[in-house]
Amino acid sequence: MSRLTLQTLTSADPAAQPRLEAAEKASGFLPNLLRVLANSPQALQTYQEVGKINAATSLSPTEIEVIQITAAAANGCDFCIAGHSKIATLKLKLDAATVADLQHQRPLADAKLRALQTFTTAVIAQRGKVSDGELAAFRAAGYDDRQALEVILGVALATLCNYANNLAGVEINPELQDYARR
């Protein structure tokens with residue numbers, strides 16, 4: 001049971017209702033994360049707008065999901081692990097082993113994605129104060145300064161939703177249960 005109110009299309013602040021309606025129409029259900037964020041229309045707006053910005057970075061959709069699942073695992077957000085694992089599995093067609101490795105914070109087989117995973121973990125653990133060696137390893141894998149900042153952007157987005165879910169203690173929606181960390 002959620003510690004914060006799970007808003008509905010009718011109980012949410014009128015400023016949040018159109019965003020919830022659009023989200024439900026797009027996904028076929030209303031994720032509990034959005035129902036929690038709807039307690040603050042500004043939090044919901046920030047999540048959705050920063051999500052759009054994050055999707056428009058120079059990183060590939062797979063790289064974006066590597067960051068999101070890595071952050072969710074590091075932050076202990078089972079809801080976001082499930083949600084992003086569903087995207088990685090169904091939309092991006094990532095193999096089950098890669099998704100499981102991300103969920104359980106195990107090194108990825110793909111060298112470039114492993115470098116991204118390692119760098120993302122370091123950014124989170126050290127609050128951005130990565131070592132020169134960690135930054136050099138990230139660059140050596142083929143990433144540049146733009147993408148280093150885009151990792152920060154992805155971590156910022158993940159932090160908002162991971163912390164909101166952790167604060168609320170939301171349950172994973174039934175539509176996401178098959179993608180939960182096991």
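1. In this predicted model, helix α4 passes helix α5 in a left-handed crossing. The two axes come within 9 Å of each other and cross at roughly 160°. An angle over 145 degrees counts as roughly antiparallel, and α4 is therefore roughly antiparallel to α5.

2. Which residues bring α4 and α5 into contact? On the α4 side they are Glu65, Gln68, Ile69, Ala72 and Ala73, and these meet Cys80, Ile81, His84, Ser85, Ile87 and Ala88 in α5. By class, the contact of α4 with α5 comprises seven nonpolar residues, three polar residues and one charged residue.

3. Helix α9 covers residues 145–168, and its axis comes within 10 Å of that of α3, with a crossing angle of roughly 150°. These helices are therefore roughly antiparallel to each other. The crossing of α3 and α9 is left-handed.

4. In the contact between these helices, α3 supplies Ala43, Thr46, Tyr47, Val50, Gly51, Ile53 and Asn54. Their counterparts in α9 are Glu150, Leu153, Gly154, Leu157, Leu160 and Cys161. Eight nonpolar, four polar and one charged residues make up the contact of α3 with α9.

5. Helix α9 also packs with helix α7, which spans residues 111–125; the axes of α7 and α9 come within 10 Å and cross at roughly 60°. Is the crossing of α7 and α9 left-handed or right-handed? Helix α7 passes α9 in a right-handed crossing.

6. The contact of α7 with α9 involves Leu116, Phe119, Thr120, Val123 and Ile124 of α7, together with Ala148, Val151, Ile152 and Val155 of α9. Of these residues, eight are nonpolar and one is polar, while none is charged.

7. The remaining points concern the largest pocket, which holds about 1,100 Å³ of space. It is lined by 30 residues, and those closest to the pocket centre are Ser27, Tyr47, His84, Ile87 and Lys91. Among these, Tyr47 also belongs to the contact of α3 with α9, and His84 and Ile87 take part in the contact of α4 with α5.

8. Which elements give two or more residues to the lining of the largest pocket? They are α1 (17–27), α2 (32–37), α3 (41–55), α4 (61–74) and α5 (78–91). Helix α5 provides the largest share of this lining, namely eight residues.

Conventions. Residues numbered from 1 in each chain as written. Predicted model: local features only at pLDDT ≥ 70, side-chain atom pairs only at ≥ 80, totals over all residues. Heavy atoms only, no water. 1 Å grid on protein atoms, 1.4 Å probe; cavity = no way out; pocket = protein on both sides within 12 Å on 5 of 7 lines; lining within 4 Å. Points joined across faces, edges and corners; volume = space filled by probe spheres on them. Helix = DSSP H or I, 4+ residues; strand = E, 2+ residues; numbered from the N terminus. Axes fitted to C-alpha atoms, helices over the stretch in contact; angles between N-to-C directions. Parallel < 35°, antiparallel > 145°, perpendicular 65-115°, else oblique. Left-handed = near helix turned anticlockwise from the far one by under 90°. Contact = heavy atoms within 4.5 Å. Nonpolar A, V, L, I, M, F, W, Y, C, P; charged D, E, K, R; others polar.
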